[in-house]
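Q: Please take a close look at one part of this structure. I would like the local geometry and the contacts, in short sentences.

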Amino acid sequence: GSSLEPQELSMEPPAAPPEEEEEEEEEEEMPLTAAPGLAGCQLFGYVGIEAVLDQMKIKTMKMGFEFNIMVVGQSGLGKSTMVNTLFKSKVSRKASQPGQEERIPKTVQLQSVTHVIEEKGVKMKLTVTDTPGFGDQINNENCWDPIIKYINEQYERYLREEILITRKRKIPDTRVHVCVYFVPPTGHWLRPLDLEFMRRLSKIVNVVPVIAKADSLTLEERTEFKQRIQEDLKAHAISVYPQEDFDQDPDDRALNDRIREKIPFAVVGADQEHQVNGKRVLGRKTKWGIIEVENPAHCEFPLLRDLLIRSHLQDLKDISHNVHYESYRVRRLNESNGP
């Protein structure tokens with residue numbers, strides 16, 4: 001028969017036997033021991049994961065690249081010739097026409113020229129920004145202000161496109177990726193103008209200093225001048241590209257250390273070809289011979305070209321986006337959100 005007295009109900013689950021408790025503990029510990037095995041997973045056949053690289057290459061070649069370079073220096077240091085030598089084409093032209101008197105502008109003016117260069121199916125939209133009038137006046141106070149304003153304007157233009165609700169699929173990139181600064185071949189120390197410019201500009205853009213028209217110096221003068229420039233940069237805490245703080249792994253650090261030992265590069269620019277031992281080479285013809293631009297024994301132009309194009313072009317763009325533009329973006333958003 002049934003009992004009329006209410007039974008006491010317990011919310012606790014019945015106690016399991018000791019053997020079952022040990023099995024449950026083992027089941028809980030299984031994921032901890034099995035997790036490391038996932039890192040060493042091996043495939044038993046070809047899957048095709050490596051085809052991702054081909055897909056990325058095809059897509060990137062269709063879209064093309066954008067690279068923006070700025071050259072800064074006094075008039076007559078061969079900035080336009082150097083850019084033409086870098087890309088082996090007439091990408092930079094002088095503003096003055098032949099037969100017309102070239103006048104020094106009263107203030108720093110910025111001139112940008114954009115070209116589309118194609119090599120082996122790879123297209124690159126190249127923008128060269130020249131700065132005529134920089135350092136040509138008697139009073140060069142604050143002559144770097146137009147350059148800083150121009151660089152920040154490109155950051156601002158990119159930021160406005162980025163914060164739109166309906167953004168473009170690909171935002172046009174007009175930001176300056178590298179600024180090549182031409183140091184006059186005086187053979188002495190850096191001028192206060194050079195130090196102040198690089199100190200200010202190295203905080204917002206990648207700066208690569210070069211010694212212009214290095215064929216006017218002897219090899220001993222060139223070596224001593226480079227050592228003095230390196231001492232000046234270190235004494236004034238000026239960090240030029242490649243910066244030590246952004247080296248990601250030991251391989252990059254070893255490569256960049258070799259580059260930093262050579263900076264500033266002693267370069268010679270030439271946009272005319274000459275016949276040397278049955279070969280056509282770019283160089284400057286003198287009475288005592290031809291200075292070959294692409295010969296490492298004559299100048300360090302191949303090192304500059306490798307740095308800007310062949311080895312560090314993508315790294316220049318990444319640092320411009322992830323470091324310099326990011327600091328500008330954070331500063332602008334803090335200003336807009338502030339009181």
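What follows is the request in detail and one connected answer.

Q: How do helices H4 and H5 pack, and where is the place of Ser202?

A: The model is predicted. Start with the helix pair. Two packed helices are described by the angle between their axes and the distance between the axes. Helix H4 covers residues 145-162, and its axis lies 11 Å from that of H5. The angle between H4 and H5 is about 15 degrees. Angles under 35 degrees count as roughly parallel, so H4 and H5 are roughly parallel to each other. Their crossing is right-handed.

Now the residues at this contact. H4 contributes Ile147, Ile148 and Ile151. H5 meets them with Phe197, Arg200 and Leu201. By class, the contact has 5 nonpolar residues, no polar ones and 1 charged residue.

H5 spans 192-201, and Ser202 sits in the loop between H5 and strand S5 (207-211). Ser202 has a relative accessible area of 12%. Buried means under 20%, so Ser202 is buried.

The side chain of Ser202 turns up in two polar pairings with backbone oxygens. A polar atom of this side chain lies 2.8 Å from the backbone oxygen of Met198. The side chain of Ser202 also reaches the backbone oxygen of Arg199, at 3.4 Å. Leaving out residues up to four places away in sequence, Ser202 touches Val207, Ile238, Ser239 and His324.

Conventions: Residues are numbered from 1 along each chain as its sequence is written. This is a predicted model: local features need pLDDT of at least 70, side-chain atom pairs count only at pLDDT 80 or more; totals for chains, interfaces and linings use all residues. Side-chain values use heavy atoms; hydrogens and water are left out. Helices (H or I, at least four residues) and strands (E, at least two) are DSSP runs, numbered from the N terminus. Buried means under 20% relative accessible area, exposed over 50%, partly exposed in between (1.4 Å probe, protein chains only). A polar contact is a pair of N or O atoms within 3.5 Å; within protein, one must be able to donate a hydrogen and the other to accept it, and residues adjacent in sequence count only if both atoms are side-chain atoms. Contact means heavy atoms within 4.5 Å. Axes are lines fitted to C-alpha atoms, for helices over the stretch in contact, and angles run from 0 to 180 degrees between N-to-C directions. Angles under 35 degrees count as roughly parallel, over 145 as roughly antiparallel, 65 to 115 as roughly perpendicular and the rest as oblique. A crossing is left-handed if the near helix is turned anticlockwise from the far one by less than a right angle, and right-handed if clockwise. Ala, Val, Leu, Ile, Met, Phe, Trp, Tyr, Cys and Pro count as nonpolar, Asp, Glu, Lys and Arg as charged, and the others, Gly among them, as polar.
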